[in-house]
Amino acid sequence: MSDTPIMRLAKATPPGIGRRVGGLSDRAIAWIFVAPSIALLLAVNIFPLIWTIRLSFTNFRVNRPNRDVEWIGLENYRDILTDSDTWLSTQATAHFLFWTIALQVLIGFTMAYLINKKFRGNDMWTTIIVFPMMLSPAVVGNFWTFLYQPQIGLFNYVVGFLTGADPSSFSMIGDVALAPWAIIIVDTWMWTPFVMLICLAGLRSIPDSIYEAAECDRASKWRQFWTITIPMILPFLMLAVLFRGIENFKMFDLVVQLTGGGPGSTTEVTSINLKREAFERWRTGYASAYAVILFVTVFGLASIYVKALNKVKDR
Amino acid sequence: MAEVELRNVTRAFGEDVALDQVSMTVPDGAFVVLLGPTGAGKTTTLRMVSGLDLPDQGEVFIGGRPMVGLTPAQRNVAMVFQQYSLYPHMTVRENLAFPLKSPLLRTPPDIVNAKVMEVAETLQIAHKLDNKATALSGGEMQRVSIGRALVRNPEVFLMDEPLSSLDAKLRAELRIELKSIQADSGATLLYVTHDQIEAMTMATHVGVLDDGKLIQFGPPREIYENPVSIYAASRLGQPKINVLPADLFGHAPDRAVNIGLRPEQIRQGEGADSMVTRVEHLGDQTRLHLSFSNHDLVTVTDAHTTLKSGDIVKIRPENPFFFDASGARIH
């Protein structure tokens with residue numbers, strides 16, 4: 001009984017391997033491994049955040065370092081929330097967010113759905129479609145200003161060719177009504193492939209056998225799409241919306257390259273507004289308060305959203 | 001409720017021939033079990049009938065109608081998949097109701113509910129109806145998958161190893177349940193399994209497949225008592241048929257290379273000596289492992305036997321099967 005191979009093996013194993021190494025407990029070793037990351041996080045994330053919050057209650061100006069800093073309480077916050085410019089830029093951001101997300105999800109999902117069909121060379125097409133995403137936003141912004149050029153721009157030429165309008169009769173960047181759309185088009189051009197990739201991952205995660213079961217259960221393609229494809233891909237769609245939403249809330253590079261916030265302040269999204277306050281008017285305290293407000297807004301919206309996302313996933 | 005006919009059905013996946021000129025006629029209301037090892041073409045046969053896969057050559061008929069160009073939906077078949085294929089984002093109830101909610105049928109909601117309830121009770125999953133399909137054990141998923149087929153009234157049921165992941169007790173219960181559901185509804189059922197007990201107990205017909213070819217098709221009794229080859233003979237019978245050199249017991253017919261002996265074809269107490277190497281008491285029967293001129297064989301003896309290892313038992317073949325070099329039966 002006590003001399004089976006298993007018993008012999010059990011006896012040969014020393015008790016409590018690795019409880020202590022070099023006088024350190026497992027827990028101490030774990031802390032040593034985690035400490036560098038924590039230190040780095042504290043230095044580059046947590047400390048600046050706390051510092052920003054502190055500055056937001058002052059009238060500090062970074063271009064006047066010698067001036068006495070006054071503690072002014074919530075004055076910055078009050079000023080920001082009652083400033084009409086703030087609300088204009090919030091509106092511009094909301095408009096921009098809504099349309100970019102709507103277009104990118106719609107087009108991205110459609111493209112993923114089409115490219116998921118088995119056809120020759122679909123891998124190659126996927127790679128080609130993903131190109132815009134790989135470019136630097138500065139480069140993209142720059143060459144789209146050429147495309148939008150009324151006299152020689154390809155975009156204007158194509159629109160003119162399709163609609164019969166004179167290509168030089170409109171300026172995407174210079175026109176108050178068109179400028180927001182100029183940015184929406186470029187952002188959609190650049191980031192739809194990203195949404196497509198996420199949707200493609202979602203579509204590929206649905207096994208063929210589920211569609212086969214539905215086929216036998218006499219569900220039409222239409223019904224399969226609405227009762228299987230859409231519910232099963234919904235968490236992926238929501239994830240894409242989350243990524244694009246957070247990214248576009250702080251949209252900066254493309255706007256600077258294309259319109260610089262103009263004409264007037266029609267494309268002055270919040271991040272541009274913030275940059276003006278911080279680095280043109282040098283109101284550091286005011287800008288800090290602005291940043292805190294934006295941070296809380298994004299953080300709050302994202303948490304609500306992530307909760308909804310998890311609910312959908314668990315369904 | 002229809003006759004199913006396969007006529008010279010061939011299907012290859014690249015170099016790999018999954019089905020090779022398979023022809024069979026499944027009578028209306030038959031319970032057909034397809035037997036064979038992995039890769040024999042059992043699942044492919046089901047997929048041909050369901051329309052999920054199409055033959056390269058040959059034709060499939062259901063109820064006398066050619067199935068060329070018809071989708072699985074148009075063929076009115078219900079299939080139970082080996083990998084369950086439940087709709088993971090739906091509850092058990094929604095999974096079971098899914099086939100009934102086809103816009104083609106327009107089934108009123110209270111009838112859907114009653115039907116779902118009835119099937120859930122039969123399969124002992126009524127208490128799990130509001131669980132998510134992914135929050136079930138393998139056996140429960142398999143039962144939901146069977147249930148999804150049973151809620152409907154299709155012309156043909158197709159089941160791919162539907163009982164494989166159930167425990168022994170539930171499997172025995174559902175075997176009886178499935179058999180009686182099939183008998184009551186008069187539906188035609190094609191059933192794939194590895195399990196010969198399922199084949200013997202449920203089937204009206206057994207199809208033995210080997211490497212894409214249909215070796216033998218007939219009632220299980222006939223295949224057991226009159227196999228066409230060593231391969232077909234080995235599919236049924238517990239313990240398995242003993243295959244030995246043909247001349248081991250003396251005279252053999254011309255061309256015979258092997259002799260096949262089922263336990264009941266081994267007469268004990270007469271003939272030549274063999275030595276008992278092992279005795280397995282199974283309760284209702286006892287298995288004897290014998291050594292006969294350096295060949296091992298297994299037979300069955302009285303449950304209360306006093307034989308033990310080392311004892312000598314006289315044995316002699318009685319109406320044995322003889323097989324030629326290719327494994328085919330010699331009559």
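In chain A, 71% of the contacts with a separation of 6 or more are between residues 24 or more positions apart. That figure, like every other one here, comes from a predicted model.

**Chain A**

Chain A has 13 helices and 2 strands. Its radius of gyration is 27 Å, well over the 20 Å that the globule rule gives for 315 residues, so chain A is more spread out than a compact globule. Along the principal axes, its C-alpha atoms fill a box of roughly 95 × 70 × 30 Å. Of the 315 residues, 27% count as buried.

Domain 1 covers 5-55, and domain 2 covers 75-314. Taken over C-alpha atoms, the centres of domain 1 and domain 2 of chain A are separated by 40 Å.

**Where the chains touch**

How many residues does each chain bring to the contact? Chain B gives 18 residues and chain A gives 13 residues. On the side of chain B that touches chain A, α2 (72-75) and β6 (77-80) each supply at least two residues. The largest share of that side, 3 residues, comes from β6(B). By class, the side of chain B that touches chain A has 11 nonpolar, 6 polar and 1 charged residues.

**A four-stranded sheet in chain B**

Chain B holds an open sheet of 4 strands, in the order β2-β1-β4-β5. The pairing is antiparallel. In β2 (16-26) and β5 (65-66) of chain B, one side is left without a neighbour in the sheet, because each of these edge strands has a single partner strand. Strands of a sheet pair through backbone hydrogen bonds.

Strand β1 of chain B, residues 4-13, pairs with β2(B) over 7 bridges. β1(B) also pairs with β4 of chain B, residues 57-62, over 5 bridges. Both pairings run in the antiparallel sense. Val4(B) stands opposite Val26(B) in β2(B). The hairpin of β1(B) and β2(B) has 2 residues between the strands. In this hairpin, Gly14(B) takes a positive phi near 65°.

Leu6(B) has its place in strand β1 of chain B. Its bridge partner in β2(B) is Met24(B). In β4(B), the bridge partner of Leu6(B) is Val60(B).

Is Leu6(B) buried or exposed? Leu6(B) has 22 other C-beta atoms within 10 Å. The cut-off for a buried residue is 20 or more. Leu6(B) is therefore buried.

Not counting residues up to four places away in sequence, Leu6(B) touches Val22(B), Ser23(B), Met24(B), Met48(B), Gly58(B) and Val60(B). Both bridge partners, Met24(B) and Val60(B), are among these contacts. Gly269(B) lies 263 residues from Leu6(B) along the chain. The C-alpha atoms of Leu6(B) and Gly269(B) are separated by 48 Å.

**Nonpolar cores**

The largest nonpolar core has 91 residues. Which residues have the most contacts inside this core? They are Leu190(B) and Tyr191(B). Leaving aside neighbours within four places in sequence, Tyr191(B) is in contact with Phe31(B), Val32(B), Val33(B), Leu34(B), Met159(B) and Met202(B).

A second, separate core has 36 residues. It includes Ile101(A), Phe109(A), Ile173(A) and Ile184(A).

**Backbone details in the loops of chain B**

Two asparagines of chain B, Asn294(B) and Asn319(B), have a positive phi.

The cut-off for an exposed residue is 12 or fewer.

Where is the cis peptide bond that has an omega of about 0°? This bond joins Gln238(B) and Pro239(B). Pro239(B) is found in the loop between α9 (230-235) and β11 (242-245) of chain B.

Definitions and conventions. Residues are numbered from 1 along each chain as its sequence is written. Chains are lettered from A and ligands numbered from 1 in the order in which they are written. This is a predicted model: local features need pLDDT of at least 70, side-chain atom pairs count only at pLDDT 80 or more; totals for chains, interfaces and linings use all residues. Domain bounds come from an automatic or database domain assignment. Two strands pair if DSSP finds at least two bridges between them. Two residues are in contact if their C-beta atoms, placed from the backbone, lie within 7 Å. Ala, Val, Leu, Ile, Met, Phe, Trp, Tyr, Cys and Pro count as nonpolar, Asp, Glu, Lys and Arg as charged, and the others, Gly among them, as polar. The radius of gyration is taken over C-alpha atoms; the globule rule is 2.2 Å times the number of residues to the power 0.38. A nonpolar core is a set of buried Ala, Val, Leu, Ile, Met, Phe, Trp, Tyr and Cys residues joined through C-beta atoms within 7 Å.
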